[in-house]
Amino acid sequence: MCGIIGIIGKAEVTPLLIDGLRRLEYRGYDSAGVAIISDKKIARRRAEGKLNNLQKLVETDPVSGTIGIGHTRWATHGAPTEANAHPHSDGKVVLVHNGIIENYQDLRKELAAEGHNFETETDTEVVVHLVSSFIDKGLSPRDAVAQTLKKLHGAFALAILFSGHDELMIGARRGSPLAVGYGDGEMYLGSDALTLAPLTQRISYLEEGDYAIVTREGAEIYDSDDQSVEREIKLTATSGAMIGKGNYPHFMLKEIYEQPAVMGDTLQAILNPWNRTVTLPDLPFDPTHISRITIVACGTSFYAGMVARYWLEKLVRVPVDIDIASEFRYRDVDLPAGGVALFISQSGETADTLAALRFAKQQGQKIISLVNVPESSMARESDLILQTKAGPEIGVASTKAFTTQLTVLACLAIGLGSQRGSITKETVAGLCQALTEVPTRANDVLVHDERLAELAHEIAEARDVLYLGRGTGYPIALEGALKLKEISYIHAEGYAAGEMKHGPIALIDETVPVIVVAPSDELFEKTASNMQEVIARGGRVIFMSDKAGIEKLGNMAAATIELPTVDPFVAPILYAIPVQLLAYHTACIKGTDVDQPRNLAKSVTVE
Ligand code: F6R
């Protein structure tokens, strides 16, 4: 989180920086700022709140220059005020930072003792003063940065400018991503290729510990041992077109409605509908000798992994372990020889998931990453990349990334099962057939939008909401609760339906809506019993099931949503859609900022 950009070029840089920050807003939106070297001096403009506030500020108080840096912030240390907004400066050095400097308190004490004054509550400000202190001792800007980097613990991507130098920009990274963009007499730094896409397609990614000395003519890159290194310049396929909302009021709704199309695009790359088979990319391991599959992810991507665990265990017949990345990376677990580790991430940059990936790699696991951004850090560090074709997801609440993750994971389970011989050709054909129907069935689900919008009025009144499911319906219950929490700010919990009687059933009364996710599968009767237990205690159930399920139980529920009758294998992909819509409409009724909910950011690049 936090997005950074730097430009050293020929044209007025402020509008280019603001445009770049627009593309970075998904990484944080509690404040934003730019700094320009104008007449050899540092000029800063910073504003609390959304980027529009900064845009207004630079319109009323313009600043001119052809070299500048910019930042969108997701606060870690220090409240989201103008004073804490980046760029930070002491008048000699100015910089933007993504990440966390973990030893900032010690450094701050040392620097304060040397007479440095601190104006902010941030961890970042120590970097400014460290660089300055080395310059004061006679080091060049380049050497001052190199020395500073050696003193920093934690994660950072930095873009740094210097008073009196309108020909020099320095970038550095450790833990957080940073790309160098190559233009014609112009050079760029950016958190990702999307930021730089309208400026250049020629990108090289800094590796861990690298720093780059950037001038208008090019970049010299050094590794953490100060050795000059070459980093390949790649042509990025990322489009520079600004993604719009079309006729939709929010990106989230647009992205929900895009699901049938992007599920189709995702399937097209991996599933052959004519002979009903899955074609996985070449595997970097022998599928008949996998000892264990370890799945690691965060948030919504973790719930996709939970669904995949059911599929992989059933179809591939291999033990599957799953954990959230922030726990997994510190569990100090021994991973088995012959193990495969699967990392799921929309952004491919989530700090905890990336650290977990590196840990699994050290333990000799073959690494598969399932990402939506093929140039992301995770993709670059994996043995095998699986890609969702969701296209850019702008709404902070993940929707189409989740259902396309499920689509790929379903194909992975079929593909591995077929290569291991743990499922028959007929089973493969049947499951592929069910998957090819998913985009059409997803359209059928969207027909319930209006009804879900009506039901959202009841949810919007509630203080607490429960979601229940079993089997692959359980992660969908968790995902439904997460969607509702993050965009409507209503407290919600997802539970395995069978677990209710072990405690949570005490919460049930007529004020707590209970959403039951229950396709008619082999566990339907069991879920039905749990639902009866809720109804017997006065709970108001919103029942999501298919025709057969509703015929059996529909009249007992306060409300029903009839979803298409499908092979239970693909049900979780489709049942994700009504829980997204219910959360979306509830948030709209509550008047929250649906696309940029409070306290969140799209790409979580800090621990
Ligand atoms: C919820 C949501 C988050 C992300 C999580 C992981 O709607 O979007 O829970 O799923 O932060 O992000 P990625 O998938 O980019 O690793």
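Which ligand atom is 2.6 Å from an N or O atom in the side chain of S345? An oxygen atom of the ligand is at that distance from S345.

Good morning. The model is predicted, so local features need pLDDT of at least 70, side-chain atom pairs count only at pLDDT 80 or more, and totals for chains, interfaces and linings use all residues. Residues are numbered from 1 along each chain as its sequence is written, and side-chain values use heavy atoms, with hydrogens and water left out.

I remain with the ligand. Of the 15 residues around the ligand (those with a heavy atom within 4 Å of it), S301, S345, Q346, T350 and E486 come nearest. Two further polar contacts, meaning pairs of N or O atoms within 3.5 Å, can be described. A polar side-chain atom of E486 lies 2.4 Å from a ligand oxygen, and one of K483 lies 2.9 Å from a ligand oxygen.

I turn now to the helices, which are DSSP runs of H or I with at least four residues, numbered from the N terminus. Helix α9 (residues 299-316) and helix α13 (residues 400-420) have axes that come within 9 Å and cross at roughly 20 degrees. Angles under 35 degrees count as roughly parallel; α9 and α13 are therefore roughly parallel to each other. Their contact (heavy atoms within 4.5 Å) includes W311 of α9 and F402 of α13.

Helix α8 (residues 259-268) also has an axis that comes within 9 Å of that of α13, crossing at roughly 30 degrees. Hence α8 and α13 are roughly parallel to each other. Among the residues making this contact are M263 of α8 and C411 of α13.

Definitions and conventions:
Axes are lines fitted to C-alpha atoms, for helices over the stretch in contact, and angles run from 0 to 180 degrees between N-to-C directions. Helices (H or I, at least four residues) and strands (E, at least two) are DSSP runs, numbered from the N terminus. Angles under 35 degrees count as roughly parallel, over 145 as roughly antiparallel, 65 to 115 as roughly perpendicular and the rest as oblique. A polar contact is a pair of N or O atoms within 3.5 Å; within protein, one must be able to donate a hydrogen and the other to accept it, and residues adjacent in sequence count only if both atoms are side-chain atoms.
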